[in-house]
Amino acid sequence: MQENNGSNLVTSYSEVQSKTVRWLWYPFIAIGKITILQGDPGDGKSTMMLNLISEISTGGTTPDGKALGAPRRVLYQCSEDGLEDTIKPRLEKCGADCRNVGFINEETGGALTLDDERLRQAIMEYRPRFVVIDPIQAYIGGGADLQVAGKARKLMSRLSMWAGVYECAIVLVGHLNKKEGQKDLYRSFGSIDVVASARSVLQVERDEEDQSIRVVHQIKNSLGPTGGCFRFEIRPETGFKWLGCDLAAGQENLPAKIEPPVFTTKMERAAHLIRQLLADGDMSSKEIYERLSEQGIGHRTAEDTKKEIGVRCYRKMKSWYWSLKPKEEET
């Protein structure tokens, strides 16, 4: 039921459909959410990501042995290493199915930034289950300064919408800042708004007794208890190896969490509603505008959101339709 004298400004939460959180790797990386992986340079963040990418691309298992299901596509954007002499050989060494791992070619299209239209378009067309930006510091353009709270919130809101609408897990890999002695969450890159937008924050550290072993602590989890960790090692003789996963007390048998959606902007709410409306197939634009209006979303916000999340429009008979399917799948 809506209030505010018929203006449709306020919507009752009885109108909101809660949904179960879906996990790529419980409880560390959720589908449709943003995860931050942070640590000092040289601590193995990229190597860890490449090994996880390998499992996702081949339909393998999570580091704690849980089946990932069918092979899925991955978008891995890395600026620090060469494509031919470093990234491709490392993917092959990890056993990845490189047919399922893609990237945005910056040599032909120019330098990529987090607010680049090509990133949204790649997610929309390639439909990856997993998106990794490594490192995030290399993809911050002049208009996307993560140190500025307003710009950081806007950028993270866009990434969050793309993750939710196209059902992919986005991991932002970054280096710790130099503010040693502060709480771990305050050592993340950018303003605190970046951390606030992430649902999970993982921090890589070297084991004090064995520098070849890395311990990855979960220092934030907005979707469940915090405190889990996992380990891996990188040794010259044996290479990379997962060493196990320790969950916080109660996490092992925690039931799936029902999450009522929380929105920081009207556009985020509109994106969520559009995703729900198009979940079962394409719908006429007239009906969508009517349904959004019932939820207090005006025509202008609907249009802005449609453009932001990359809704495809096509004409059928005398009506226009909206679609979130890849173009070749439109009906």
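Which helix holds both E303 and K306, and how many residues apart do they lie? Both lie in helix 9 (residues 299-309), 3 residues apart, which is about one turn of the helix. The two side chains form a salt bridge whose closest N and O atoms are 3.3 Å apart, a salt bridge being a side-chain nitrogen of Lys or Arg within 4 Å of a carboxyl oxygen of Asp or Glu. E303 counts as partly exposed at 26% relative accessibility, whereas K306 is buried at 15%; buried means under 20% relative accessible area, exposed over 50%, and partly exposed in between, with a 1.4 Å probe and protein chains only.

The model is predicted, so that local features need pLDDT of at least 70 and side-chain atom pairs count only at pLDDT 80 or more, while totals for chains, interfaces and linings use all residues. Residues are numbered from 1 along each chain as its sequence is written, and side-chain values use heavy atoms, with hydrogens and water left out.

The chain contains 9 helices and 18 strands, taken as DSSP runs numbered from the N terminus (helices H or I, at least four residues; strands E, at least two). Of its 331 residues, 47% count as buried. Among contacts (heavy atoms within 4.5 Å) between residues at least 6 apart in sequence, 63% join residues at least 24 apart.

| Pair | Closest N and O atoms |
|---|---|
| D210 and R235 | 2.6 Å |
| E303 and K306 | 3.3 Å |
| K66 and D64 | 3.9 Å |

D64, the partner of K66, is partly exposed at 26%. Elsewhere, R22, E167 and R275 are linked in a network of salt bridges.

The loop between strand 11 (200-206) and strand 12 (213-221) also holds E209, which is exposed at 79% relative accessibility. E209 gathers with D40, E205 and E208 in a patch of negative charge on the surface; such patches are made of residues with over 30% relative accessible area and no salt bridge, like charges being joined within 9 Å.

Notes
Patches are made of residues with over 30% relative accessible area and no salt bridge: like charges are joined within 9 Å, nonpolar side chains (Val, Leu, Ile, Met, Phe, Trp, Tyr) within 5 Å. Accessible areas come from the Shrake-Rupley method with a 1.4 Å probe; for residues, only the protein chains shown count as cover. Lys and Arg count as positive and Asp and Glu as negative; His and the chain ends are not counted. The place of a charge is taken as NZ of Lys, CZ of Arg, CG of Asp or CD of Glu.
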